[in-house]
Amino acid sequence: MSEATPLPFTGERYHPEVPREMAYEHWHRYAFAMELARGRQVLDAACGEGYGAALLARTAAMVTGIDRAPEVIAHARRRYVHPRLRFLEGDVLDLSAIDTESLDLVVSFETLEHLAEHDRLLAGFARVLKPDGLLLVSTPDKHTYTDLAGEQNPHHVRELYREEFEALLGRHFARWRLYGQRVVTHSLLWRLDGGTGATTAFTQDGEDVFGGIRTLPMYHVAVCAKRGESLAGLPALSCFADAQQSIHAHYHQVIRELLATDRYAHTLRERLRAAGLPDGP
């Protein structure tokens, strides 16, 4: 990555300078995709700022990032230079410049909800994928993201409930593996001798989460295939760890700032109300 002035953050696209939950959500998706991209021809559709396509280029044979915003593509070309990476200006609803059955993996994160033409989008992805190729696609769960939150993202055109999302996938792909994604607080126990072994995960009441995580997903992430065998080897659970612990660092910074003011109690109540949390007994 070369030095480049960050793009102004408008909320429409994620930028790597944006901290906290949004960072965890976006970086985790691309980290998950890196293994699927290994040695493959990859398209990052609606690549945005370019950080994700640059991550995929670490493992892929070749990555093409496409976005319709010329200023975003110009920025990506300046910031991310890699021999197995290129950025093209183009509309993800028109992939006519890409040959049929020429790609191993198409990645499209947080794109669906910005468009109304969902079937056209997935039909285009299915066309350019090889018979054993994969589509990795994510979108917010409308029930959790919008209905329960009581807010509407102004950049979203059409959000989907889980059943709508799966119906869409079924119209274009024979098989898919659906994952739920949400940032949750967790504790890790890991071997310090470098050894490997089985993975276990538990909830507060001691139940094994592999029996079913009860937290509602904020996002759905689907791995889609034309052939069922292409989904073999996918993990049951994927975790993302932030070595800098940025969410906790931001939290402690805010608390220190509040403690340094005479208006601590009032400010804290205002922040809790803004977050939709109880502000006192």
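Tutor: Arginine 162 and glutamate 166 lie 4 residues apart in helix 6 (residues 162–170), so about one helical turn separates them. Helices here are DSSP runs of H or I with at least four residues, strands are runs of E with at least two, and both are numbered from the N terminus. The two side chains meet in a salt bridge, at 3.0 Å from N to O; the term requires a side-chain nitrogen of Lys or Arg within 4 Å of a carboxyl oxygen of Asp or Glu. Arginine 162 has 46% relative accessibility and therefore counts as partly exposed. Glutamate 166, at 22%, is also partly exposed. The classes are buried under 20% relative accessible area, exposed over 50%, and partly exposed in between, with a 1.4 Å probe and protein chains only.

The model is predicted: local features need pLDDT of at least 70, side-chain atom pairs count only at pLDDT 80 or more, and totals for chains, interfaces and linings use all residues. Residues are numbered from 1 along each chain as its sequence is written, and side-chain values use heavy atoms, with hydrogens and water left out.

Side chains of opposite charge can pair when their charged atoms come close. By the salt-bridge rule the count comes to 7. One of them joins glutamate 110 to arginine 29, with 3.8 Å between the closest N and O atoms. This pair links distant parts of the chain, 81 residues apart: glutamate 110 sits in the loop between strand 4 and helix 4 (118–128), and arginine 29 in helix 1 (residues 20–36). Glutamate 110 is buried, with a relative accessible area of 13%. Arginine 29 is buried as well, at 3%.

Another salt bridge is formed by the side chains of glutamate 35 and arginine 38, at 3.1 Å from N to O. Arginine 38 is partly exposed, its relative accessible area being 47%.

Strand 4 (residues 103–109) also holds serine 108, which is buried with a relative accessible area of 1%. The side chain of serine 108 reaches the backbone oxygen of alanine 45 at 3.4 Å. Leaving out residues up to four places away in sequence, serine 108 touches Ala45, Phe125, Leu136, Val137 and Ser138, where contact means heavy atoms within 4.5 Å.

Note on methods
Polar contact = N/O pair within 3.5 Å; in protein donor to acceptor, adjacent residues only side chain to side chain.
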